[in-house]
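This report walks through one protein model. Look over the sequence and the coordinates before reading on.

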Amino acid sequence: MAGDQVTLLDFWASPFVLVHNGKPVCESLIIVQYIDDVWKEKAPLLPSDPYQRAQSRFWADFVDKKLYDLGRKIWTTKGEDQEAAKKDFIDSLKLLEGELGDKPYFGGETLGYVDVTLVPFYCWFYAYETVGNFNLEDDCPKLIAYSNHVHKKIPVLVHNGKPVCESLTIVQYFDEAWKDKAP
């Protein structure tokens, strides 16, 4: 909206905070829902149908909780625990791939809530594959093709009014800009 003042507080701060017109909104998924509520006429992220909204929220929650936890286990464990985490991670991605089906985006023809939730995890796929010694494309080719398609459309970070583009460059920028907080 014209005249809105929007600030995104330090990414590494806990929790993630959006300040809109002087009012803080906390936590990533809640921020995305807030953005959808405030600017829904410009580019809605959630469907208008209540059932489809509920489905989108379910899958976003699945991504937020399940993939984060399993990804962390892949790079913090070894042996049988890591193998179990890899299997669960791949099985979870296969479920997502089934939900995606033949659609270009989880919501259909346009980028939506589930897509915005999944994109930050995509930049970690290569790290998980490297640490866990596996290839996601072997098990989830449609999801990886989708991720490559979506990846080319949205990853831009604007920090202090300056854009930083592409996922890996953004991750490197985080490391350099906030190295004293979370290298």
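In what order do the elements of the protein chain run from the N terminus on? The order is β-β-β-α-α-α-α-α-α-α-β-β-α. That gives eight helices and five strands in the protein chain. Helices (H or I, at least four residues) and strands (E, at least two) are DSSP runs, numbered from the N terminus.

## Basis and confidence

This is a predicted model, in which local features need pLDDT of at least 70, side-chain atom pairs count only at pLDDT 80 or more, and totals for chains, interfaces and linings use all residues. Residues are numbered from 1 along each chain as its sequence is written, and side-chain values use heavy atoms, with hydrogens and water left out.

pLDDT is the predictor's confidence in each residue, from 0 to 100. Its average over the protein chain is 80, and 75% of the residues score at least 70. Among the elements, helix 3 (residues 79–100) has the highest mean pLDDT, 96. Strand 1 (residues 6–8) has the lowest, 55. Over residues 10–14 the pLDDT stays under 50. For that stretch the model has eight contacts beyond four places in sequence; contact means heavy atoms within 4.5 Å. Where pLDDT is low, the predicted coordinates should not be read in detail.

The protein chain has 183 residues, and 38% of them count as buried. The classes rest on relative accessible area with a 1.4 Å probe, protein chains only: buried is under 20%, exposed is over 50%, and partly exposed lies in between. Take the contacts between residues at least 6 apart in sequence: 52% of them join residues at least 24 apart.

Helix 4 is mostly covered, with eight of its ten residues buried. Those buried residues are Tyr-113, Val-114, Asp-115, Thr-117, Leu-118, Val-119, Phe-121 and Tyr-122. Ile-31 sits in helix 1 (residues 28–38). Ile-31 is buried because its relative accessible area is 4%. The C-alpha atoms of Ile-31 and Leu-18 are separated by 6.7 Å, with the two residues 13 apart along the chain.

## The second largest pocket

On a 1 Å grid over the protein atoms alone, a pocket is an open set of points where a 1.4 Å probe fits, with protein on both sides within 12 Å along at least five of seven lines; lining residues have an atom within 4 Å of a point. Grid points are joined across faces, edges and corners, and a volume is the space filled by probe spheres set on the points. The second largest pocket holds about 260 Å³ of space. It has 18 lining residues, and the closest to its centre are Pro-47, Gln-52, Ser-56, Phe-106 and Gly-107.

The lining divides into nine nonpolar, six polar and three charged residues. Here Ala, Val, Leu, Ile, Met, Phe, Trp, Tyr, Cys and Pro count as nonpolar, Asp, Glu, Lys and Arg as charged, and the others, Gly among them, as polar. Helix 2 (50–76) and helix 4 (113–122) each supply at least two lining residues. Helix 2 gives the most, with four.

Ser-56 belongs to helix 2. Its relative accessibility is 12%, so Ser-56 counts as buried. Setting aside residues up to four places away in sequence, Ser-56 touches Leu-46, Pro-47, Tyr-113 and Val-114.

## Aromatic rings

Rings of Phe, Tyr and Trp (its six-membered ring) pair if their centres lie within 6.5 Å; planes under 30 degrees apart count as stacked, over 60 as edge-to-face and the rest as tilted. By this rule there are eight aromatic pairs. Phe-58 and Trp-59 form an edge-to-face pair, 5.0 Å centre to centre with 80° between the planes. Phe-58 is partly exposed at 45% relative accessible area, whereas Trp-59 is buried at 12%.

Ring pairs also link Phe-89, Tyr-122, Trp-124, Phe-125 and Tyr-128 into a cluster. Phe-134 contacts two of these residues, Phe-89 and Tyr-128. Beyond four places in sequence, the contacts of Phe-134 also include Ile-74, Lys-86, Ile-90 and Glu-129.

## Two loops

Phe-134 lies in the loop between helix 5 and helix 6. Phe-134 counts as buried, because its relative accessibility is 14%. Asn-133 is in the loop between helix 5 (125–132) and helix 6 (136–139). Asn-133 is exposed at 68% relative accessibility. Although not a glycine, Asn-133 has a positive phi of about 55°.

Asn-21 is in the loop between strand 2 (17–20) and strand 3 (23–26). Asn-21 has a positive phi of about 50°, and is not a glycine. At 38% relative accessibility, Asn-21 counts as partly exposed.
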